[in-house]
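Hi everyone, thanks for having me. Let me put the model up, and then we'll walk through a few parts of it together.

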Amino acid sequence: MRYTGPKVRLSRRAGVPLTRKAVRYFEQRPYPPGEHGRKTNRRSTGDYGLRLMEKQKLRWYYDVSERQLRRYWDLAVRKPGASGTELVTLLESRLASLVLRAGFAPSIYAARQYINHGHIAVDGRKVDIPSYLVKPGQVITVRERSRRMQPFVAAAEGVHADERIAPYLAVDHADLRFTLTHRPEREQITVPVDEQLVVEFYSR
(Lines give C-alpha, C1' and ligand atoms only; values in the text may rest on other atoms or scores of the structure.)
Protein backbone atom coordinates (compact mmCIF):
# COMPACT_ATOMS: atom_id res chain seq x y z
CA MET A 1 0.00 0.00 0.00
CA ARG A 2 1.04 3.60 -0.60
CA TYR A 3 1.42 5.84 2.44
CA THR A 4 -1.39 8.41 2.63
CA GLY A 5 -0.61 10.09 5.97
CA PRO A 6 1.31 13.31 6.69
CA LYS A 7 4.18 13.56 4.19
CA VAL A 8 6.57 15.41 6.51
CA ARG A 9 6.54 12.42 8.88
CA LEU A 10 8.08 10.35 6.09
CA SER A 11 10.95 12.79 5.75
CA ARG A 12 11.61 12.69 9.48
CA ARG A 13 11.53 8.88 9.45
CA ALA A 14 13.85 8.77 6.44
CA GLY A 15 16.31 11.26 7.90
CA VAL A 16 16.26 13.47 4.78
CA PRO A 17 13.69 15.93 3.37
CA LEU A 18 11.81 14.07 0.62
CA THR A 19 9.81 17.06 -0.65
CA ARG A 20 10.36 20.82 -0.97
CA LYS A 21 7.80 21.50 1.74
CA ALA A 22 9.56 19.12 4.13
CA VAL A 23 12.84 21.05 4.05
CA ARG A 24 11.68 23.74 6.50
CA TYR A 25 9.95 21.27 8.83
CA PHE A 26 12.93 18.94 8.77
CA GLU A 27 15.29 21.74 9.78
CA GLN A 28 13.09 22.39 12.83
CA ARG A 29 12.71 18.71 13.79
CA PRO A 30 15.53 16.64 12.27
CA TYR A 31 14.69 13.60 14.41
CA PRO A 32 12.18 10.77 13.79
CA PRO A 33 8.50 11.40 14.61
CA GLY A 34 6.81 10.01 17.70
CA GLU A 35 7.16 10.12 21.45
CA HIS A 36 10.70 8.70 21.45
CA GLY A 37 11.91 10.38 18.28
CA ARG A 38 14.50 12.58 19.97
CA LYS A 39 16.10 9.55 21.64
CA THR A 40 16.37 7.50 18.46
CA ASN A 41 19.93 6.88 17.30
CA ARG A 42 19.92 6.32 13.54
CA ARG A 43 23.57 5.21 13.66
CA SER A 44 22.71 2.18 15.79
CA THR A 45 20.60 0.69 12.99
CA GLY A 46 21.91 -2.67 11.78
CA ASP A 47 22.81 -3.59 8.20
CA TYR A 48 19.34 -4.91 7.43
CA GLY A 49 17.73 -1.79 8.89
CA LEU A 50 19.95 0.48 6.78
CA ARG A 51 19.09 -1.38 3.58
CA LEU A 52 15.41 -1.44 4.45
CA MET A 53 15.41 2.31 5.10
CA GLU A 54 17.09 3.07 1.75
CA LYS A 55 14.43 0.97 0.01
CA GLN A 56 11.70 2.81 1.92
CA LYS A 57 13.23 6.19 1.07
CA LEU A 58 13.14 5.29 -2.61
CA ARG A 59 9.48 4.23 -2.30
CA TRP A 60 8.50 7.40 -0.48
CA TYR A 61 10.47 9.69 -2.76
CA TYR A 62 8.65 8.42 -5.86
CA ASP A 63 5.36 7.70 -4.03
CA VAL A 64 5.08 4.08 -5.16
CA SER A 65 3.71 1.03 -3.38
CA GLU A 66 5.81 -1.93 -2.31
CA ARG A 67 4.30 -4.01 -5.10
CA GLN A 68 5.11 -1.33 -7.70
CA LEU A 69 8.71 -0.99 -6.50
CA ARG A 70 9.18 -4.75 -6.63
CA ARG A 71 7.83 -4.77 -10.19
CA TYR A 72 10.34 -2.06 -11.19
CA TRP A 73 13.11 -4.07 -9.53
CA ASP A 74 12.14 -7.14 -11.55
CA LEU A 75 12.31 -5.02 -14.72
CA ALA A 76 15.67 -3.51 -13.71
CA VAL A 77 17.41 -6.83 -13.13
CA ARG A 78 16.47 -7.97 -16.64
CA LYS A 79 18.21 -5.00 -18.22
CA PRO A 80 21.92 -5.12 -19.17
CA GLY A 81 23.09 -2.20 -17.01
CA ALA A 82 23.68 -2.00 -13.26
CA SER A 83 20.44 -3.00 -11.54
CA GLY A 84 20.42 -0.09 -9.08
CA THR A 85 20.99 2.47 -11.83
CA GLU A 86 18.29 0.90 -13.99
CA LEU A 87 15.86 0.94 -11.07
CA VAL A 88 16.31 4.66 -10.44
CA THR A 89 16.12 5.42 -14.18
CA LEU A 90 12.82 3.54 -14.48
CA LEU A 91 11.34 5.40 -11.52
CA GLU A 92 12.53 8.72 -12.92
CA SER A 93 10.94 7.92 -16.30
CA ARG A 94 7.46 7.63 -14.78
CA LEU A 95 5.04 10.30 -15.99
CA ALA A 96 4.41 11.53 -12.43
CA SER A 97 8.14 11.94 -11.79
CA LEU A 98 8.68 13.93 -14.98
CA VAL A 99 5.65 16.19 -14.39
CA LEU A 100 7.26 17.08 -11.05
CA ARG A 101 10.76 17.53 -12.53
CA ALA A 102 9.40 19.81 -15.25
CA GLY A 103 7.95 22.13 -12.60
CA PHE A 104 4.31 21.46 -13.47
CA ALA A 105 3.49 20.36 -9.90
CA PRO A 106 4.71 21.33 -6.42
CA SER A 107 5.13 17.71 -5.26
CA ILE A 108 5.04 14.13 -6.50
CA TYR A 109 1.66 13.77 -4.79
CA ALA A 110 0.21 16.72 -6.71
CA ALA A 111 1.70 15.38 -9.95
CA ARG A 112 -0.02 12.04 -9.38
CA GLN A 113 -3.33 13.80 -8.71
CA TYR A 114 -3.10 15.98 -11.85
CA ILE A 115 -2.51 12.88 -13.96
CA ASN A 116 -5.26 10.86 -12.30
CA HIS A 117 -7.73 13.68 -12.93
CA GLY A 118 -6.95 13.72 -16.64
CA HIS A 119 -5.12 17.05 -16.91
CA ILE A 120 -2.01 15.68 -18.66
CA ALA A 121 -1.53 14.52 -22.26
CA VAL A 122 1.32 12.58 -23.87
CA ASP A 123 1.79 13.20 -27.60
CA GLY A 124 -1.65 14.83 -27.64
CA ARG A 125 -3.51 11.95 -25.98
CA LYS A 126 -4.82 12.04 -22.41
CA VAL A 127 -2.91 9.74 -20.07
CA ASP A 128 -4.32 9.24 -16.57
CA ILE A 129 -1.81 6.64 -15.36
CA PRO A 130 0.94 8.15 -13.13
CA SER A 131 3.17 5.08 -13.67
CA TYR A 132 3.15 5.48 -17.46
CA LEU A 133 6.77 5.13 -18.63
CA VAL A 134 7.68 8.02 -20.92
CA LYS A 135 9.97 7.32 -23.86
CA PRO A 136 12.58 9.76 -25.24
CA GLY A 137 11.04 12.09 -27.80
CA GLN A 138 7.55 12.03 -26.30
CA VAL A 139 5.94 15.42 -25.63
CA ILE A 140 3.96 16.01 -22.44
CA THR A 141 1.49 18.89 -22.19
CA VAL A 142 -1.25 20.18 -19.92
CA ARG A 143 -4.55 19.66 -21.69
CA GLU A 144 -6.19 22.76 -23.13
CA ARG A 145 -9.27 22.57 -20.90
CA SER A 146 -7.08 22.52 -17.78
CA ARG A 147 -4.75 25.42 -18.51
CA ARG A 148 -6.82 28.08 -16.76
CA MET A 149 -6.82 26.21 -13.47
CA GLN A 150 -4.83 27.96 -10.74
CA PRO A 151 -2.16 25.26 -10.29
CA PHE A 152 -1.30 25.36 -13.99
CA VAL A 153 -1.38 29.15 -14.17
CA ALA A 154 1.24 29.06 -11.40
CA ALA A 155 3.20 26.37 -13.27
CA ALA A 156 3.22 28.50 -16.43
CA GLU A 157 4.85 31.28 -14.39
CA GLY A 158 7.58 28.88 -13.25
CA VAL A 159 6.48 28.92 -9.59
CA HIS A 160 7.19 25.20 -9.07
CA ALA A 161 10.30 24.96 -11.24
CA ASP A 162 13.66 23.98 -9.77
CA GLU A 163 16.55 26.41 -10.12
CA ARG A 164 18.10 24.00 -12.60
CA ILE A 165 15.89 22.07 -15.02
CA ALA A 166 16.73 18.38 -15.35
CA PRO A 167 19.14 18.01 -18.31
CA TYR A 168 17.01 15.27 -19.88
CA LEU A 169 14.02 17.59 -20.25
CA ALA A 170 13.29 20.44 -22.68
CA VAL A 171 10.70 22.55 -20.87
CA ASP A 172 8.51 25.43 -22.06
CA HIS A 173 6.69 26.64 -18.96
CA ALA A 174 4.75 29.37 -20.74
CA ASP A 175 3.29 26.81 -23.14
CA LEU A 176 2.97 24.15 -20.39
CA ARG A 177 4.89 21.67 -22.50
CA PHE A 178 8.01 19.56 -22.08
CA THR A 179 9.84 16.80 -23.94
CA LEU A 180 11.93 13.94 -22.62
CA THR A 181 15.01 14.47 -24.77
CA HIS A 182 16.90 11.35 -23.68
CA ARG A 183 16.77 8.58 -21.12
CA PRO A 184 17.70 9.94 -17.67
CA GLU A 185 21.22 9.01 -16.58
CA ARG A 186 21.93 8.28 -12.91
CA GLU A 187 24.36 11.16 -12.43
CA GLN A 188 21.66 13.54 -13.71
CA ILE A 189 19.02 12.35 -11.24
CA THR A 190 18.81 14.10 -7.89
CA VAL A 191 17.48 11.53 -5.43
CA PRO A 192 18.73 11.22 -1.80
CA VAL A 193 19.10 7.43 -1.91
CA ASP A 194 22.03 5.01 -2.10
CA GLU A 195 20.57 2.58 -4.64
CA GLN A 196 23.35 0.05 -3.98
CA LEU A 197 21.82 -0.57 -0.56
CA VAL A 198 18.46 -1.13 -2.26
CA VAL A 199 20.14 -3.67 -4.56
CA GLU A 200 21.59 -5.41 -1.51
CA PHE A 201 18.16 -5.42 0.15
CA TYR A 202 16.48 -7.14 -2.78
CA SER A 203 19.42 -9.46 -3.40
CA ARG A 204 19.66 -10.80 0.13
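Which residues in α3 are buried? They are Glu54, Lys55, Gln56, Lys57, Leu58, Arg59, Trp60, Tyr61 and Tyr62, where buried means under 20% relative accessible area, exposed means over 50%, and partly exposed is in between (1.4 Å probe, protein chains only).

A quick word on the source: this is a predicted model, where local features need pLDDT of at least 70, side-chain atom pairs count only at pLDDT 80 or more, and totals for chains, interfaces and linings use all residues. Residues are numbered from 1 along each chain as its sequence is written, and side-chain values use heavy atoms, with hydrogens and water left out.

The expected span is 1.5 Å times one less than the number of residues, so the 16 residues of α3 should span 22 Å, and the end C-alpha atoms, 23 Å apart, agree. Just after α3, Asp63 takes a positive phi of about 55°.

Next, who meets whom between α4 and α9? Glu66, Leu69, Arg70 and Trp73 in α4 meet Val199, Tyr202 and Ser203 in α9, with contact meaning heavy atoms within 4.5 Å.

Finally, look at the loop between β5 (177–180) and α9, where you'll find Glu187. Is Glu187 buried or exposed? Its relative accessibility is 66%, so Glu187 counts as exposed. The C-alpha atoms of Glu187 and Thr85 are separated by 9.3 Å, with the two residues 102 residues apart along the chain.

Key
Helices (H or I, at least four residues) and strands (E, at least two) are DSSP runs, numbered from the N terminus.
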